[in-house]
Amino acid sequence: GPNDGVFEAQQILSKNDFQIEDVAIFRYEDQHPDVTVKDSANIATHMGAVAFDQDSYRIGGTAEITLTDPDLNLDSRVAEQAEVKVWSDTDQNGFNLTLDETEVDSGEFTGNVSFILGNSEPQNRRLQVSSGDLVYVLYEDESDEVGLPADIVDTASIVSYTGTVSLDRDLYVPGAIVYITVWDPDENLDPEEAEVISYTEEKVTVESWWGGQRRDGPRPVTCIETGEDTSTFEGKVYLQFEAGEDNEGIPRLQVKSGAIIKVKYYDELDEWGREKVILAEARFQTHTGTLSLNSDFYPPCCTLHPNTGGTVRIEVVDPDLNVNPNSVDIYEAADQVLSLDVKDSEGNSRPNYPIWLRLIETEADSGIFTAEHALSNVVERNDLVEVSYQDEYDESGNPRETKACARVLTHTGT
């Protein structure tokens with residue numbers, strides 16, 4: 001800078017003037033006082049090294065290339081650039097790729113190249129590949145450690161994967177949603193975005209079969225990646241007894257009791273680079289529920305318990321009610337699934353009866369539900385307790401009412 005007393009000069013070391021193992025001597029003649037100041041540096045060249053950051057890549061993946069060669073660090077105060085060539089078995093012409101020095105005076109250079117199925121795009125640093133290809137990077141080193149030119153090459157392989165498709169359940173019941181999971185790294189083309197397998201591509205389809213024939217479908221399904229770079233995609237399908245519809249990637253599939261639900265994933269590239277259809281199946285079934293009480297008789301209220309009588313404990317077993325396998329299903333009184341009535345000897349309901357009860361699954365995915373009710377003080381000896389379960393679908397898919405009864409009795413103690 002101005003007035004700092006520091007002076008700089010540059011000298012380009014020409015091959016005509018220097019050879020390997022020479023010593024460059026720099027001399028400054030100071031006039032006041034009369035002193036000569038010297039410094040020196042050895043003249044040397046180096047063997048460069050170039051490498052991919054992985055041994056293999058999937059189609060759609062991105063490689064980072066690192067080149068190390070101090071000979072390219074020509075200016076210790078400027079981050080410079082270097083050039084390599086990349087190509088593949090599919091695109092043997094390839095293209096040149098510019099690498100940037102990682103920082104000033106580092107002698108290390110990096111850059112990226114992506115691998116695609118379509119034609120190479122040099123301007124976008126995209127190289128055409130096919131499954132099973134080798135990809136190559138070449139650095140033409142002008143002067144290795146003994147001053148001779150050398151070609152430095154590294155390779156990596158392009159791999160593809162056989163995808164998988166699965167369903168969240170083996171058995172579906174009315175009201176359940178079919179969740180489809182597809183895993184395929186070949187569809188994870190951008191690691192920085194959650195991607196979509198659109199229904200318009202018809203890569204994932206669903207259909208229903210019964211009586212040995214396909215009754216509905218195939219209907220295309222949209223599957224969305226669960227997050228960035230997960231390679232896992234999820235879609236869903238609604239089931240109904242009415243005619244199905246595509247519904248823009250979230251289809252409604254017609255089923256009946258005993259139907260087979262078939263999901264197909266059309267994998268464009270398996271691990272051998274070939275097309276493959278992958279299948280997952282489940283069954284749709286309705287069941288006849290069962291209803292039981294914990295006793296054949298219950299006591300009315302008494303002097304010791306003037307407000308309530310015995311407690312009626314009820315169990316309903318029906319897989320059709322197990323709509324959410326990962327959580328406990330609950331049916332409120334407003335859903336009108338389970339009712340309790342108390343009738344006198346003439347068949348008339350006691351005041352405030354019948355009532356609807358709350359039905360709670362014993363644990364997630366059990367299909368076993370319980371309810372209970374303490375008989376009110378209007379209940380009398382010899383009354384009939386009648387519990388009714390409104391089974392929306394029996395094993396034939398038809399509605400059915402199931403009942404269980406008990407008596408209100410008193411006993412002579414001993």
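Me: What makes P218 part of a strand in this predicted model, and which strand is it?
Reply: P218 is found in β17, which covers residues 213–220. A strand here is a DSSP run of E with at least two residues, and P218 falls within the run called β17.

Me: How do you know that the bond joining G217 and P218 is cis?
Reply: Look at omega: for the peptide bond between G217 and P218 it is about 5°, and the bond is cis.

Me: Okay, and what about the bond from Y353 to P354, what is its omega?
Reply: Omega there is near 0°, and that peptide bond is cis. As for where P354 sits, look in the loop between β27 (338–343) and β28 (355–357).

Me: Why is S231 called buried?
Reply: Buried means under 20% relative accessible area. S231 has 7%, so it counts as buried.

Me: Where is S231, and what is its phi?
Reply: S231 lies in the loop between β18 (223–225) and β19 (232–240). Its phi is near 65°, a positive value in a residue other than glycine.

Me: Why is Q336 called partly exposed?
Reply: Partly exposed is the range between the buried cut-off, under 20%, and the exposed one, over 50%. With a relative accessible area of 45%, Q336 lands in that range, so it is partly exposed.

Me: Where does Q336 lie, and what is its phi?
Reply: You'll find Q336 in the loop between β26 (330–331) and β27. Phi of Q336 is near 55°, again a positive value in a residue that isn't glycine.

How values were computed:
Residues numbered from 1 in each chain as written. Predicted model: local features only at pLDDT ≥ 70, side-chain atom pairs only at ≥ 80, totals over all residues. Heavy atoms only, no water. Helix = DSSP H or I, 4+ residues; strand = E, 2+ residues; numbered from the N terminus. Buried < 20%, exposed > 50% of the residue type's maximum accessible area, 1.4 Å probe, protein only.
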